[in-house]
Amino acid sequence: MKNISLHPNPIFERDNWQSLNGEWDFGFNKNADKNYRFLSEREAVDFYKKSICTHKITVPFCIESSLSGIGYTDFLNRVWYKRRVNITADGKRVFLHIGACDYKATVIVNGNFAGSHKGGYTPICFDITEYVTDGENELFILCEDNTRDSLIPGGKQSDRRKSYACSYTRTTGIWQSVYLEYVPESYLKHFKLTPSLKHENITIELDLCGNAELEINAYLDGKNVGSSTVTDASGYVIVQIPISDIRAWELGNATLYDLEIKFGDDTVKSYFGLRDIALKDYKFILNGKSVFQRTVLDQGFYRKGIYTAENDDELRQDIELSMALGFNGARLHQKVFDPRFLYFCDLMGYMVWGEYANWGLDYSNPKAVDIFLKEWGEALERDYNHPAIIGWCPFNETWDYRRRRQYDPLLQTVYEYTKKYDRTRPCIDTSGNFHVVTDIYDVHDYRGEYDEFRKSYERLVTHGELYEHVLQDNPGRQKYKGEPVFISEYGGIKWEADKQYKSWGYGDDVKTEDELLERYKGLTEAILDNERMLGFCYTQLYDVEQEQNGLYTYDRKNKFSQKIYDEIRKINTQKAAIE
């Protein structure tokens, strides 16, 4: 790999781009209505004509964050941004990108409606060429949201005025980078990378706009290791390129190849890692070897930025802290993380599960299928190319004690959609409960009695049965059918560190560091020692506001003595029975 990229999306990078992060004029409406209705195109344009910006905001930080310069945390339905931008297109097309905006974004350029998008976690791109001129232009972005709307997925954003339990400060409006790209008439719209270590090649599916020569080159340490040329390319093209110098992308040792795609005058830089994933004999197989998933829950919250890290150092820090404790990956929980975080996961050899912020969505509503599939599909398309992503989990804890089986069609549909889009990675239909169809049977178990915890899961080895502790008062709802097993949430040991919050955590408090270590060791080794367990995910890496069951504080500072961290690393790095 070359020097660290500064592009907002390094896996799809053009040289000719212009950052729009920084200060924008800003306005917002404090009178939030839980029955708020989104504005139509015409209403949005009328609103723009009457709008007044009385504040300044720093993009890409949400209004609720201190880094935005505002820090207003009450419910909001409508916020808007305005900025005058100098554009020199030189005959090229002009694309406006918004990395993520919660929830509906409407873009108006020089008074003209340019497009709208729904989905609080997925990227937005509008071709604004016909609305701009060389010189100064006015951009206006209207963002609308309603966290209390049951057809809007909101993840861990609080549906009450204040944070509580495992629900935290909301994010309204733009929360990822905004930038312009200047693109020739014939250009690359999208590409899908499927590398194979076993077959020593990479398959590239390209969506092209226009007609031109297509040239693709792969490099390792500056040396060309594979290339292909299509002289008259257009539309949808598939290219398979043999790689001459084979080095695997592995955990903690990530070899990444540079990729350059030229389509006429359009050049896009990317990268890939050669690695293969499989499930076999209850094991997770990476590059032909059984690899135990020593993962930790990462919620992607930051004290000053809420959903948005202040800088790259904060993004890297979470990976470094995790790896220092012997974890080799994370569940990226109830959020679609910034592409730059995934970039550092790729660079550092850190495996992650791609998830979505499904909480807040009423799964029993028939409209939920179309809403969720659209947004989940955009997340799959954006992140498929990242080698660090080793599996997908679109839903988390779709509890249905009262609506028995009502959610099954939604979960089945999303699972099948995911598997059709990506045949290379496993998919967990819903983490925790209740599985309908899944490649891995995962369980959430927050019991603190580690002897009982160990004995209950030993039945996997002795009888091939899974103890389903959460289902005792709902028998028959879900059956274990012999899938690989993953304890994807456990622990959550509460240790209060931040007195400004009324702290919350799972189970009884521990009183001493020795007691905390004893419980951590007992629970974790019960999973490591089980011959039928492919991995664990400990809750969690750091505290988030009042939820104080992290291994570090919300500011990523130590909560315990160094002895505890050293012992946790020793526990985590033990060889697992399934390895």
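Author: We begin with a term: a residue is called buried when its relative accessible area is under 20%. Please note that this is a predicted model. Cysteine 427, with a relative accessible area of 0%, is therefore buried. Cysteine 143 is likewise buried, with a value of 0%.

Reader: How many disulfides does the structure hold?

Author: In general, a disulfide is a covalent bond between the sulfur atoms of two cysteines. This structure holds zero disulfides. For cysteine 427, the closest cysteine sulfur belongs to cysteine 393 and lies 7.1 Å away, which is too far for a bond.

Reader: How should I read a nonpolar core, and which residues have the most contacts inside the largest one?

Author: Nonpolar side chains tend to be buried together in soluble globular proteins. Here the largest nonpolar core comprises 105 residues, and Val352 and Tyr490 have the most contacts inside it. Helix α7, spanning residues 513-528, contributes the most to this core, with seven residues. A second, separate core has 34 residues, among them Leu20 and Val132.

Reader: Which residue stands opposite valine 352 in β25?

Author: That residue is alanine 330, which is also among the residues that valine 352 touches, as are Leu332 and Ile390. Strands β24 (residues 329-332) and β25 (residues 351-355) run parallel and are joined by three bridges.

Reader: In what order do the strands of the open sheet lie?

Author: The seven strands follow the order β26-β25-β24-β23-β31-β30-β29, with parallel pairing. At the edges stand β26 (389-393) and β29 (441-445); each has a single partner strand, so one side of each lacks a neighbour in the sheet. Neighbouring strands are turned by 25 degrees against each other on average, direction ignored.

Note on methods
Residues numbered from 1 in each chain as written. Predicted model: local features only at pLDDT ≥ 70, side-chain atom pairs only at ≥ 80, totals over all residues. Heavy atoms only, no water. Core = buried A, V, L, I, M, F, W, Y, C linked by side-chain atoms within 4.5 Å. Buried < 20%, exposed > 50% of the residue type's maximum accessible area, 1.4 Å probe, protein only. Helix = DSSP H or I, 4+ residues; strand = E, 2+ residues; numbered from the N terminus. Contact = heavy atoms within 4.5 Å. Disulfide = S-S within 2.5 Å. Pairing = 2+ DSSP bridges. Axes fitted to C-alpha atoms, helices over the stretch in contact; angles between N-to-C directions. Lists of a residue's contacts leave out its neighbours within four places in sequence.
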